[in-house]
Amino acid sequence: MTRRFHTAVRSVAATAALVVAGGLALVAPSAAAQAVSTDPWVSEVPDNPISDVYRFTVPRAAVTEATGIGEGPVAVQGNFGPGKAWTDLNMGTSGSNLTATLGPLEPGLYYYQYAARPAADQDAVAFRNPDAPQEVTSKPTYSTMFVPGPGAEWLDDVAGGGELETLEYGKGPKHEKEALVWTPPDYDAERAEQYPVLYLLQDEGQSYREWVELGRLGQIMDNLTLDGDAEPMVVVMGDADAPGPRGVTKELLPAVERAFNVSDEGSGRAIAGIGRGAELALGAVVAKPREFGGVGSFSGGYDKAISRGKAEQINASADVVRLYAGNVTDPAYDDTVALADRLTNAGVEFQPDGSDPVTGGTWDTWQKNLHDFAGRLFHEVDDEGLSEGHLPFVEHELPATGTAPTPWIDENSVVTFEVGPEFADANNITVWGNFGPAGSWPRTHMVRQADGSWRLSLAVEGGSYYYKFVVDGVDHKDAGNPTTVFSEPTWSTFTADGDTVRAQFTAQVPADARGEVSVMNYPSTAGGGEQRSAYVWTPPDYDADRAEEYPVFYLQHGGGQTWTDWVEVGYVQRILDNHYLRGTMEPMVVVMANGNGVDFPTEITTRIVPAAEEQLNISSEGDQRALAGLSMGSGHTLSTLWAHPGEFGYIGAMSAFGAPPADADVEAINEGTKLLRVYSGDVQDFTYGATLQLVAAMESRGVNHEFAPIVPGPHSWDVWQKSLIDFLPRLFTEGADA
């Protein structure tokens, strides 16, 4: 007798974990406070079950007014890419507006601008909302948005913090300069004990104000000081455009010491900088070692000689000499490795913080550098090692252009793409792939090399990816990547190692633990007696002569796809292999047939199933059959359920739509179905609204079902892979219902 199960309709607003058998969980982001932004064109998406998803809405007329461009692509450009890389998110048309939706965004600071192109092969014109204040002095088109939440508390505003003021210095009107000065909470200009002072220098092309505008220095120092994790100190953001180290020691230091109650002793001073600012900071210490008790290099280098005598003086005077860099995508990574070697060879005692595996040469990295460095100054620190999770500095070399298949993926999941010199004259080339938050599709710009080739390196999370190159608006396949996608010939795919759920389930298992993927041919109901093909996965110990027939799972693709996509893009074979190796799913056979252009309920019951049962050792019993699909495939799945209740005991609908027809036999559906489970992405999934209507219709009609917690993301393979990972352990087991 078919086992009845309790109707488990869950609130769409619930974002609890998707529990997978074997203890693995897919966890949706926790709720966070609304992002702080001065841009009225940005808002959190209302009524979305996933927090921290944001919509950018730009009136088309405002684009024309700001840029003079009436037509052409418009994008939001910002640090939304993997590892906070700068990337483009193209906007779509919604009435008289252009919109783009993105998220969930991890807590932290985001900076962005809008950009319009007259045509795909022409330069972009950047702009910001004219009703928003200019926030970044050196980059007037930038706006910022801070997303509060776990992990970013040290970047958040806090009551009772210090104060910022501007200091003018320099000799004569032609040499006037400015610095920003942060004074700690309860700063006392008359205190008998002078405050220690940290001098910071910006990189070339930056403004000293970026330490505050993009570096969130005020918030970092407020939190460190109020939490007791840093000594109360004065922080001076000087102008690194001043000529050479003497501009620091001869002009900036005396001006600060006249205006503020700060130390004029080397033991009470520290200096650090980014890039060129780091080089100036190091140069100041090498020139006058006794002037500073600490020096920090953030993504910097130093190519001048350091004598043994200078090294001994630095060692005697400096309590902290610490080197920082982002991952190998940081343009200064090699310079930092060379600097470490130079200091070692000179005999300078220093602390390498190592390479940050998450971010490259960005403010996200330098914020962390500042937080670590300031916390080490002017007091004893026991731990002089690398920050948690950081990697040792090692030499990093890429293959010579055109010498290896692409993309190249290193042991830390840094992926490098390459396009050959045949596109040397292109205006812009982007990599368009599912690298954005929750599997969204930003376009990240490649960089032209000296030989005319183009490259891009990204530090991605573990998982499977699909991408294409866009050359001046025209899609191109990566000619160096042998992977193929039959339904989308310009796509290529790859997988990267990591500790994410998708990485764990799309990683290759050992060869002897893999199931077999074969092709099954069958006669279709499509016109002319067409022969069609299906992929079949059988477990590694499949026995065609086993007395007990295997349960069978029929898995369907979506619109614009075909029978190859679950293998070529979805990596279903690896998901199955991993579940089977873990013992978290029942032994089964999986059939992936072609659902295009047919009456699917008739096709599957009269053609696909009979062919599978003739060619494979599988059960013909309804309670030993499962049927699921994504998008169009979910429609095929549900229409089969309504027309043939009991033929498939387990039903899965991903990014689903439809409703039980008026003549559906609800009693037979409930009696013959052991599990009907519905999955959806969040509001970015364009079928989200239709899925809610489906769930409401089934609830109204009394169709027993489960609505799985929402999977963050758009209408994408990231959502469907996670759905399948959750669904498989529920099949052909008495523990099917949630």
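**Exercise 1.** Is serine 355 buried or exposed?

*Solution.* This is a predicted model: local features need pLDDT of at least 70, side-chain atom pairs count only at pLDDT 80 or more, and totals for chains, interfaces and linings use all residues. Residues are numbered from 1 along each chain as its sequence is written, and side-chain values use heavy atoms, with hydrogens and water left out.

Step 1. Find the residue: serine 355 sits in strand β20 (residues 351-355). Strands are DSSP runs of E, at least two residues; helices are runs of H or I, at least four; both are numbered from the N terminus.

Step 2. Read the area. Serine 355 has a relative accessible area of 5%, so it is buried. Buried means under 20%, exposed over 50%, partly exposed in between (1.4 Å probe, protein chains only).

Step 3. Check the side chain. It reaches the backbone oxygen of glycine 326 at 3.0 Å.

**Exercise 2.** Which residue forms a salt bridge with aspartate 372?

*Solution.* Step 1. A salt bridge puts a side-chain nitrogen of Lys or Arg within 4 Å of a carboxyl oxygen of Asp or Glu. The partner is arginine 322, with the closest N and O atoms 2.9 Å apart.

Step 1. Aspartate 372 is in helix α8 (residues 363-374) and arginine 322 in strand β19 (residues 320-325), 50 residues apart.

Step 2. Both residues are buried. They also belong to a salt-bridge network with Asp353 and Arg376.

**Exercise 3.** Classify the two ends of the salt bridge between arginine 216 and aspartate 157.

*Solution.* Step 1. The N to O distance is 3.9 Å.

Step 1. Arginine 216 counts as buried at 9% relative accessibility. Aspartate 157 is exposed at 54%.

Note on methods
A polar contact is a pair of N or O atoms within 3.5 Å; within protein, one must be able to donate a hydrogen and the other to accept it, and residues adjacent in sequence count only if both atoms are side-chain atoms.
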